[in-house]
Amino acid sequence: MVVTKYILPVLAAASTAFAASDACDGSSKPIQIQNQGDAGALSSCSTVQGDIEIAEHTTGGINLAGVQKITGSLIANGAANVSSLSADDLESIGDTFKLEGLITLTSLNFGSLTSVGSIDWAALPNLQALSFAKGVSKADKLSITNTGLTNLNGITLDNVGDFDVTANTAMDTINVNDLKNVTGLLNIAANAPTLKVTLPNLGGAQNITIRNVSSVSIPSLKELSGQLGLFGNTFKEFSAANLTSTGDLAFDNNGKLANLSMPQLTKVNGGFTISKNDDLEDITGFQKLQTVTGALDFTGEFNKVDLPALKQVKGGFNMQSTGNFSCADFNDIKSTVRGKFTCKAATAHPTTTDGSSGTSSGTSSGSSSSSSAKSAASLIDVNVPAVAITAVFGAMLQALL
């Protein structure tokens, strides 16, 4: 009797503990949230092992109060009637923070969140702002597509793999002051036409593709192992004051671009393309450029090209303009060119290496930015890293957005 008196409460407590443990375990099967009751049942779980999934038919607001850590993913896919999602105590998500198709979502409140495996958000048209008080400073990848966000306030990353921000038609500011390094593709495309991109401390990256923005500032960028491509933008000037080397370098169809400045650039380890930048009259911002390991392909309406330090072009050389630049300035380069050498000034119809029009007013026999980028890469030296070619094809695919 006495033994039973003490054993039963102990067994009951153990049973409760095991039940609580099971409720916090989504490692073998994701924990399903179908309503706020399910979310509230996790309030005693400071750590959730594994994944949490919010079911498609869930409605209203979901608050994961009490949860401080999710070792796996937090996923809401197709939950069209979830209007808000919050987790004030949540500090980290070990794997993916995935939200897709939450078309009525207006609020994301994660005041303590600082670390995620990756951010993958798509089709959140009514989400206009983030409530991330501490700021997400750590993520391996970030992809934000087709949301109503106007900025990325609350994203304070210092290093990231891929950084992809596309088709957010209300986004007019991207200012990630702490971002220092992008080890994958930095891709910004098809957002608001007034978008201003400011990455003041970005020092290194692998590939950068920027489309359809009104300004871009990358004053600290020093080195790219892959492509730097700027396509279809509306800024009047572009400067990369500290950039010393890059893979493929492409400026295509930036209709208002009048000034280019890369005073420290010494080597383009791939193709170098300038085309359809009709306001660019003088190409003079490359004072230290010595080597282009792929094709050099300049076409447009320019009157002056000044590349005083250029010693070697290992691919083809194509320079054509409606303007009166001097082809004689490049006679010494001919011996270093491994491909075809073409230079035409005052020509009515300048064309790129692949036969596309070199001006936006001309008749193109191929696609615009993708053709130009491809023409520059088509004659690259065999020693150029494969990543440069990959970047060009990535840029071609983004043109379809």
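Predicted model: local features only at pLDDT ≥ 70, side-chain atom pairs only at ≥ 80, totals over all residues.
Q: Where do Lys98 and Asp120 lie?

A: Lys98 is in strand E7 (residues 92-100) and Asp120 is in strand E9 (residues 115-124), so their pair ties together parts that are 22 residues apart in sequence.

Q: What about Asp252, which residue does it form a salt bridge with?

A: That would be Lys276, and their closest N and O atoms are 3.5 Å apart. The pair links distant parts of the chain: Asp252 sits in strand E22 (residues 249-252), while Lys276 sits in the loop between strand E25 (272-275) and strand E26 (282-283), 24 residues away.

Q: Are Asp252 and Lys276 buried or exposed?

A: Both Asp252 and Lys276 are buried.

Q: Which residues do salt bridges with shared partners join into one network?

A: Lys98, Glu100 and Asp120.

Q: OK, switching to rings. How many aromatic pairs does the structure hold?

A: There are 11 aromatic pairs. One of them is Phe302 with Phe325, a tilted pair at 5.4 Å centre to centre with 50° between the planes.

Q: Where do Phe302 and Phe325 lie?

A: Each is in a loop: Phe302 between strand E28 (296-300) and strand E29 (304-305), Phe325 between strand E31 (317-321) and strand E32 (341-344). Their pair therefore ties together parts that are 23 residues apart in sequence.

Q: Why do Phe302 and Phe325 count as buried?

A: Because buried means under 20% relative accessible area, and Phe302 is at 1% while Phe325 is at 5%.

Q: Which residues do ring pairs link into a cluster?

A: Phe97, Phe110, Trp121 and Phe132.

Q: Last topic, the sheet. In what order do the 3 strands of the open sheet come?

A: The order is E3-E6-E8, and the pairing is parallel. Strand E3 (59-63) and strand E8 (107-109) are the edge strands, each pairing on one side only. From one strand to the next, the twist averages 20°.

Q: Over how many bridges do E6 and E8 pair?

A: Strand E6 (residues 81-86) pairs with E8 over 3 bridges. Ser86, for example, has Asn109 in E8 as its bridge partner.

Technical notes. Residues numbered from 1 in each chain as written. Heavy atoms only, no water. Pairing = 2+ DSSP bridges. Helix = DSSP H or I, 4+ residues; strand = E, 2+ residues; numbered from the N terminus. Axes fitted to C-alpha atoms, helices over the stretch in contact; angles between N-to-C directions. Phe/Tyr/Trp six-rings, centres within 6.5 Å; stacked < 30°, edge-to-face > 60°. Buried < 20%, exposed > 50% of the residue type's maximum accessible area, 1.4 Å probe, protein only. Salt bridge = Lys/Arg side-chain N within 4 Å of Asp/Glu carboxyl O.
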